[in-house]
Amino acid sequence: MPKSLPIEPDKVRTSGTLTFPEIPINQYKRNIKEELDRFGAAGLVAMLHDMILVREFETMLNTFKTMGAWEGIEYNHKGPAHLSIGQEAAVVGQAAALDPEDFIFGSHRSHGEILAKGLSAIEKLDDADLMKTMKTYFDGECLRVVEKDAEGSVKDLAVDFLIYGTLAEIFGRQAGFNKGMGGSMHAFFPPFGIYPNNAIVGGSGDISVGAALFKHINRKRGIVVCNIGDASSACGPVWEGMCLATMDQYKELWDEAYRRGLPLILNFVDNFYGMGGQPVGETMGFKVLARIGAGLAPNNLHAERVDGYNPLAVVDAFERKKRVLAEGDGPVLLDTLTYRFSGHSPSDASSYRDRSEVEAWQQVDTLKTYAEELVRAGIASEEELQQTRDQIDEVIFRCFQKAIDLQASPRADLMPEGCLLDQTMLSNGRAESLDPTREPELLGKAEENPRVRQIAGKSRSGIGPDGKPLPKAKCVALRDALFEAIFAAFQKDPTLVAYGEENRDWGGAFAVYRGLTEALPYHRLFNTPISEGAIVGSAVGYALEGGRALVELMYCDFMGRAGDEIFNQLAKWQSMSGGLLRMPVVLRVSVGSKYGAQHSQDWSAMVAHVPGLKVVFPATPYDAKGLLASALVGTDPVVFFESQRIYDVPELFHPGGVPEEWYEIPFGVPDVKRRGEDVTILTIGATLYRALEAADRLEREFGVSAEVIDARSIVPFDYEPVLESVRKTRKIVLASDACERGSVLHTMASKITQLAFDELDAPPTVVGARNWITPPDELEEAFFPFPSDILDAIHTHLKPLPGYRPQRACGAEEILSRSRTGL
């Protein structure tokens, strides 16, 4: 039901003063002896073991990156290696507090997090689970390399598996955790709770929020940890993600069973540098990063600064924060201070800091000070610790030898047709429900929904029994068809959620969601902050965890605010995972008109250019419902364009109109909307209707029969129906509302020329919007393609029309002139 949050002037205008709770800084005071009862001697020694392993692993990488060899073995690793030498206590302390069902998301500097979390999971999982994981992960490809000379227990084998799988991934080998397609900055291993790391600074800032949403909405065990650097606190996705994570509605508006904060720890790994810039004293103004929490929630997000040079302080903080999350008062924020001895990358000479600073931190190096404390407390001897180091060196050396051996660890062959990336750019799967064990949560019966009942009184077709058009208001419109597909999908998949700006109560800015507020509980349909980046980024995280998200950008022009999330996150994780992950996200994007330069742009070419996205643009109610249905049961990311010009159009083409029942239209198949013999017109989006007007004029005034084809899909796209038409007409004009320069129509025209060169009487010609800003509504006829522009193009380039006078010049000289001037 609609929310009720009255804003009372007397209350909001009352004078007063805001106060903030205190933010603890480095408050941990216990020592190793006092922690013996808590962790036991074995647990305390295990933390040192894991810190040494992380240090030796990173030192190995640094050595052959800078020297070209390690332990007498030459190897040229051409890829990146952003190392965390010095930061080991922060990652090991965190991992010690986490369970396998607790998930971490990281950054480009996350080798240590992968190893520490993996070692923690190995210790906590039983042998049977470990063997099952290793045998089934990519059909045991990684295990087969490791087990050939394996010694010791199942857990020993699992440690080899972890180190080798990580190293093989860094080196781009097919037996790596992501088949070598993620590499150093993106490696991950979900069975141990290690989720994607991100080369885009702050990239996990909103993705992790979506992962926490998935756990919360679908009642999954565990928490989510977002590990990002201190300098990333200035990034848009991080701020937007934090705003989305701290919405009041979770604790105030959601149904009682879901009324709690997100199970999320925002852990800023604070090493005091963003490459060479220093957030404290130079590039930021907070002095202490934990202060950020005070700006996001009255409880400061339970923020505190933790001494990340003491693993015991870190594990203590994480355990306390996990209890806060268990009580429903998340998310929380940790400022975990640490320091990297190594540069930003091995090529970094650290010219931005004094050597004396590095040496001062090396004097308090945790690996030295913690080991000394263990010895002083009588928990371990120097000999035992040296034996630990030797064993670690032996394991790393063994895994290194396998990982650089091209016979044992080949790279994926990407040259043949059907190679790994051919198979994984898109998954092309289908699943009506991503959790068949559950029933979808709904409010009331579908047939009693007010929108459903309203639509039931409308004609399914825009054509009456007499063959004449019916009034739009009496017909199922395109927005109604979209609603039907969406509501039906909500009844199939319990994981499906929809969110964005003005989705609930308002019903979406263009009334597509009207009726869903009455049909769906809050946790399945909700409003978000005006945070386009986080809307898309969180959908990525939600899908990575196993859910389906339907998110909306109110205007196509707002894609710029979500550019990274669309181009670098949504599009890439299926393939960067080696095909392990799926990305069932539908991003609805509304293309405007009449709203001027910043609200009326068609950017379909941008997303069509980025591999890994499916892109569709229906123009009729029948196509809109069927294509959206396919998107909502698919496993790929779909950018679903909708034109605001035609939300109210009825179905004029499909016999019988829009079927009431569920149906799916496969992506990639263009549809002939009008048969013709003399010229082909291929359209994208709402330009279809102006092309049909042009076809009417051609027939009526010049006796020219035009075949009009609606592309419907942009990616994928089957050219064969278009080529079949071109073989008949020998001429084609392509039209859309996108600006002509860089339009996807040029790609299509190029392909048609390449594939049907001998069939064409003239080169394909493209009609798009002018390469201007979009002018006011009153002047749009000079900007967007109208029927006269299509006739101009046909007359000038394809087939002279007797007695026709072009409305404006579009010949070769005009094209050359406008190109010279940048227009």
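The questions below cover those topics in turn.

Analyst: This is a predicted model, in which local features need pLDDT of at least 70, side-chain atom pairs count only at pLDDT 80 or more, and totals for chains, interfaces and linings use all residues. Residues are numbered from 1 along each chain as its sequence is written, and side-chain values use heavy atoms, with hydrogens and water left out.

User: Which residues have the most contacts inside the largest nonpolar core?

Analyst: A nonpolar core is a set of buried Ala, Val, Leu, Ile, Met, Phe, Trp, Tyr and Cys residues joined through side-chain atoms within 4.5 Å. Buried means under 20% relative accessible area, exposed over 50%, and partly exposed in between, with a 1.4 Å probe and protein chains only. The largest core has 186 residues, and those with the most contacts inside it are Phe171 and Phe641.

User: Which helix gives the most to this core?

Analyst: Helices are DSSP runs (H or I, at least four residues), numbered from the N terminus. With 12 residues, the leading contributor to the core is helix 2 (residues 36-67).

User: How many residues are in the second, separate core?

Analyst: Among the members of this second core are Ala489, Val616, Tyr663 and Phe667. Its residue count is 68.

User: Is Ala793 buried or exposed?

Analyst: Ala793 sits in helix 27 (residues 787-798). Beyond its neighbours within four places in sequence, Ala793 is in contact (heavy atoms within 4.5 Å) with Val733, Thr765, Val767, Leu798 and Cys810. Because its relative accessibility is 4%, Ala793 counts as buried.

User: How many disulfides does the structure hold?

Analyst: A disulfide is a pair of cysteine sulfur atoms within 2.5 Å. For Cys243, the closest cysteine sulfur is in Cys226, 14 Å away, so the two are too far apart for a bond. The number of disulfides in the structure is 0.

User: Which term describes the accessibility of Cys243?

Analyst: Cys243 has a relative accessible area of 31%. Cys419, at 8%, is buried. The term for Cys243 is partly exposed.

Note on methods. Helices (H or I, at least four residues) and strands (E, at least two) are DSSP runs, numbered from the N terminus.
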